[in-house]
Amino acid sequence: MKLFIEIGSLYRSLIKYIVENHIKEPAMKTLTLELPEDVELSKARMVIAASLFETGILSSGQAAELVGISRKDFLENVGKQGISLFGETAEDIRKAGGLKL
């Protein structure tokens, strides 16, 4: 679990850099990362894709393509991770509807 958190932290930094520098072009680009041998590439791709989707840099279809899964599977996976498909946080929902989640 520690490895997953460290990878998540690394990619949050990457996402922050991308957002701050307004890197948002329609053409696909290649990014090469060197990761430890024991890192599961599918999990790393999912972390990157979920972060890029959550920040609005990639659409769900583009993110799914990055991971190599269907859009439906991607949306189910990020939903299980607590990432809103509609951009709202749990706090936003609580405030709007008085719901307890």
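## Close-ups of a helical chain

**View 1. Phe 53 and Phe 74 are both buried.** Here, buried means under 20% relative accessible area, exposed means over 50%, and partly exposed is anything in between, using a 1.4 Å probe and protein chains only. This is a predicted model, where local features need pLDDT of at least 70 and side-chain atom pairs count only at pLDDT 80 or more, while totals for chains, interfaces and linings use all residues. Residues are numbered from 1 along each chain as its sequence is written, and side-chain values use heavy atoms, with hydrogens and water left out. The structure holds one aromatic pair, and the rings of Phe 53 and Phe 74 make it: their centres sit 5.5 Å apart with the planes at 90°, so the pair is edge-to-face. For the cut-offs, rings of Phe, Tyr and Trp (its six-membered ring) pair if their centres lie within 6.5 Å, and planes under 30 degrees apart count as stacked, over 60 as edge-to-face and the rest as tilted. Phe 53 belongs to helix H2 and Phe 74 to helix H4, so the pair ties together parts 21 residues apart in sequence.

**View 2. The whole chain: five helices and zero strands.** Reading from the N terminus, the elements go α-α-α-α-α. Helices (H or I, at least four residues) and strands (E, at least two) are DSSP runs, numbered from the N terminus. Of the chain's 101 residues, 26% count as buried. The accessible surface comes to about 7,600 Å², and 56% of that belongs to carbon and sulfur atoms; such areas come from the Shrake-Rupley method with a 1.4 Å probe, and for residues only the protein chains shown count as cover. Among contacts with a separation of 6 or more, 47% join residues 24 or more positions apart, where contact means heavy atoms within 4.5 Å.

**View 3. The largest nonpolar core has 16 residues, and Leu 52, Phe 53, Ala 63, Phe 74 and Val 78 touch the most other members.** H2, H3 and H4 are the elements that give two or more residues to this core. H2 gives the most, with six residues. A nonpolar core is a set of buried Ala, Val, Leu, Ile, Met, Phe, Trp, Tyr and Cys residues joined through side-chain atoms within 4.5 Å. Leaving out residues up to four places away in sequence, Phe 74 touches Met 46, Ala 49, Ala 50, Phe 53, Ser 60, Ala 63, Ala 64, Val 67 and Ile 69.

**View 4. Helix H3 (residues 60-67) buries Ser 60, Ala 63, Ala 64 and Val 67.** These residues cover an arc of only 100° around the axis, which puts them on the same side of H3; the arc is that of the directions from the helix axis to the C-beta atoms. An α-helix has 3.6 residues a turn, so residues three or four places apart point the same way. The cover over this side includes helix H2 (41-54) and helix H4 (71-80). Zooming in on Ser 60, this residue is buried with a relative accessible area of 9%. Ser 60 touches Phe 53, Arg 71, Phe 74 and Leu 75, not counting residues up to four places away in sequence. Just after H3, Gly 68 takes a positive phi of about 90°.

**View 5. In H4, the buried residues are Phe 74, Leu 75 and Val 78.** They cover an arc of only 95° around the axis, which puts them on the same side of H4. They pack against H2 and H3, whereas the face turned away from the buried side carries the exposed Lys 72 and Lys 80. Val 78 has 0% relative accessibility and, not counting residues up to four places away in sequence, touches Met 46, Ala 50, Phe 53, Ile 83 and Leu 85. After H4 comes Gly 82, with a positive phi near 85°.

**View 6. Ile 83 sits in the loop between H4 and helix H5 (90-97).** Ile 83 and Ser 51 are 32 residues apart in sequence and 9.1 Å apart in space, C-alpha to C-alpha.

**View 7. Ser 51 lies in helix H2.** Ser 51 is buried at 14% relative accessibility. Its side chain reaches the backbone oxygen of Val 47 at 3.0 Å.

Note on methods
Polar contact = N/O pair within 3.5 Å; in protein donor to acceptor, adjacent residues only side chain to side chain.
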